[in-house]
Number of protein chains: 2
Amino acid sequence: MENNTVAQAATSELLERARSVKNASIPLAQCTNEQRRSALIAMADSLASSADNIVEANLQDLRRSEEAGLNDALLARLKLNKDKLNLAIKGIRQVSSLPDPIGLIQLQRELSEGLYLSRITVPLGVLGVIFESRPDAVMQIASLAIRSGNGAILKGGSEARLTNESIVDALQKGLKVSDVLPESLCLLTTREESLGLLSLDGIVDLIIPRGSNELVRFIQDNTRIPVLGHADGICHLYIDSEVDLKQALNIAIDSKCQYPAACNAIETLLLHNDIASSFLQIAIPRFHELGVTLIGDEISQGYGIANKAVETDWSSEYLDLKLSVKVVTSIDKAIEHIRRYGSRHTDAIATSNKESARKFLHTVDSSGVYHNCSTRFADGFRYGFGAEVGISTQTLPPRGPVGLDGLVTYRYFLEGDGHMAEEFSSGVKSFTHRDL
Amino acid sequence: MENNTVAQAATSELLERARSVKNASIPLAQCTNEQRRSALIAMADSLASSADNIVEANLQDLRRSEEAGLNDALLARLKLNKDKLNLAIKGIRQVSSLPDPIGLIQLQRELSEGLYLSRITVPLGVLGVIFESRPDAVMQIASLAIRSGNGAILKGGSEARLTNESIVDALQKGLKVSDVLPESLCLLTTREESLGLLSLDGIVDLIIPRGSNELVRFIQDNTRIPVLGHADGICHLYIDSEVDLKQALNIAIDSKCQYPAACNAIETLLLHNDIASSFLQIAIPRFHELGVTLIGDEISQGYGIANKAVETDWSSEYLDLKLSVKVVTSIDKAIEHIRRYGSRHTDAIATSNKESARKFLHTVDSSGVYHNCSTRFADGFRYGFGAEVGISTQTLPPRGPVGLDGLVTYRYFLEGDGHMAEEFSSGVKSFTHRDL
């Protein structure tokens, strides 16, 4: 067990703040669909009228972070100009119009005469969300939380402190003119609070980390609260022996290059021995043009790849224009490689052989298994969920891209008229188990 | 954080055994419904023909445990005579006839022309099951695992070692004449192996503890693998001011006495002030007759309860003929009490007022919320699931009584014809998101 627990109890101040979110989440869970939708619109309106303050706060954060020597990539993520803010506000309005995930009847059954069971979706309660920079994520997650009837404790990065304070202030002002209590949202800013948040099992029902793999893994190792997230996205494309090589190359290029920093971009290309040479002949110049560094095993080096892949490459998530290539002698070897090194995120096969496709799709145990298409489709919006709460690489549901329904649970409602279990044990009454 | 991690890496022998279950689980996941059903029948047949050996092994375990001074309750749980064995074998045959939880299509959607998404249920992979005594549970869980296409690593108590060895031997012999590999099941017997099992994340997908609250809590605190189970069942019955007192008393008696050792039995009775006196007048003699010890708060003591309840009583799971009683001034106070002391298992209201019922059912955040019926219905069989894997008191699904569908997950299948994300970003193609 690599559980390096950082024991850090919540301070009484944090406990009090968390409890006030919990208390506000109770009436929030009772709100109607219309009340939650209106709350989102009020949040969006309030952000729009606070836009100048938010952008100004962000400029201060940017200035301070620049002076502190934050690197360009992080500064770009921290930056929130009018355009990005307007996009986030538009996103909140879109979330308001998504179908309600609450109150869905999943099961309705007569257990016996006069005894009725139903299973209905309800909010989880309180979400704990931990961000690294990215102030736009604060707005997105806050709106998903309220839409699904959940309170949220939001912990942003210290470099975005002023921006986040100004955003949460605007969101709460919006809630004030709605039927949802402003205390449904709260912002934490210090690292101590973040560690304390991880200890709030019993108050916080789900932790959603938004940040680096290291952040996610740290959180998973240090809390008893369920965590929705993925630490790694090591995705593969296997190109089979019977295949349209040109199509396969296009899929490989899209899977690697369309947005290399995404978790659903591929890191490794597995090539069947029969096509490896001819594939690489057309692929190497294309990848070269696109600025992709190829590294390969011994055989693929023989086919023209200049750089050597080492053992650690197969389990590396580059998140960059870099791709490892391995030649395999069979589809089974490809599947074996994916089982050993993959992260059960999304893996694809390019083949014109239906039997090979069937085998790959049914044997690779990843949340997404694809045939003749890019791994980049692994995304809540592209799946048509209307929103993406996160992508989960755990085995248990929810896995893969998770939409609003990842923020709800269910409750069993049983209504009777004096029904007792003893009547059924003794045989006086019997179960009908009739679905309604 | 109360995470008292017991760092205990798996030995290389345990790792090897676990990996061989994992390897066997891969073809098992590909087996058809019919193959898995036949495997269960072969397991049942093999147990039947090994019955004498199993009962003899159990007698030896009983003799040894008796000499070691095991208490009567535990000896009773350890005992496996012909009748109990036959019941377990019958149970396996019943599980074989349950509807297949695998291959269910949960979503089928055209994302764009020629690009099809489906979400289909698949086995989890490998289950880790940890028992205390109860050799019948070994047979039950092994059959649920194979039925749902999962391998299982079974860890029984050392007092039941010979019985469990003889059971697993018979189960594997049954599998040998089926299409399922006998290596899909393995038995661990030592405490070291049990601790090692908890470290097998990456191989084991779900831990199912079957035993005391202490066992469950220990496991939850010492593994990164998801745990299906509940540590506490602190259930309540609240009797409202407008109520059929006689019916309410029957519900209270059934909820407490029908099987007091069950997690779904009530531990606390909450009484509205308006009916407390008249209710206790009829209830005290009835509970007395039934051998139930009542302990109460100050007000209920004023109404005739002899023993005083102290603060720790409200969070105690007696699992015995003992019931704590508290008088509250309103339904809100009852809900507050349940929120504070309950374990979100099952809580009931007895009332003839529909508005009070609605309020209780929608505000109490337990996995089961009941109106005018006994809490003892919280059970997979009674819900009509055909089997019960366990009862979960976590907030996230699956919660409450969990049937076979708690042992499966899903995978997203995406099939295209050279589809690339870039075509959609650039606007060449567009999403249709049409459910099929």
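**Where the two chains pair up**

Mentor: Start with one spot: A:Y412 has B:G368, in β13(B), as its bridge partner. Keep in mind that this is a predicted model.

Trainee: OK, and how many bridges join β16 of chain A to β13(B)?
Mentor: There are five, and the two strands run parallel.

Trainee: How many residues does each chain put into the contact?
Mentor: Chain A gives 64 residues, and chain B gives 64 residues too. On the chain B side, the elements that give two or more residues include α1 (12-30), β1 (105-112), β2 (115-123) and α10 (245-257).

Trainee: Which element gives the most on that side?
Mentor: That's β16(B), with eleven residues. By class, the side of chain B that touches chain A has 26 nonpolar, 26 polar and twelve charged residues.

Trainee: Switching topic: how are the two copies related?
Mentor: A 180 degrees rotation with 0.0 Å of shift along its axis puts chain B on chain A, at an RMSD of 0.0 Å. The copies are thus related as by a two-fold rotation axis. They also meet through the same surface, because 100% of the interface residues of chain B are interface residues in chain A as well.

Trainee: And what about confidence, say the average pLDDT of chain A?
Mentor: Chain A averages 93, and 98% of the residues score at least 70. Over residues 1-7 of chain A, though, the pLDDT is below 50.

Trainee: What ipTM does the complex get?
Mentor: The predictor gives an ipTM of 0.91, along with a pTM of 0.90.

Key. Residues numbered from 1 in each chain as written. Chains lettered and ligands numbered in written order. Predicted model: local features only at pLDDT ≥ 70, side-chain atom pairs only at ≥ 80, totals over all residues. pLDDT = per-residue confidence, 0-100. Contact = placed C-beta atoms within 7 Å. Least-squares fit on C-alpha atoms with pLDDT ≥ 70 in both. Helix = DSSP H or I, 4+ residues; strand = E, 2+ residues; numbered from the N terminus. Nonpolar A, V, L, I, M, F, W, Y, C, P; charged D, E, K, R; others polar. Pairing = 2+ DSSP bridges.
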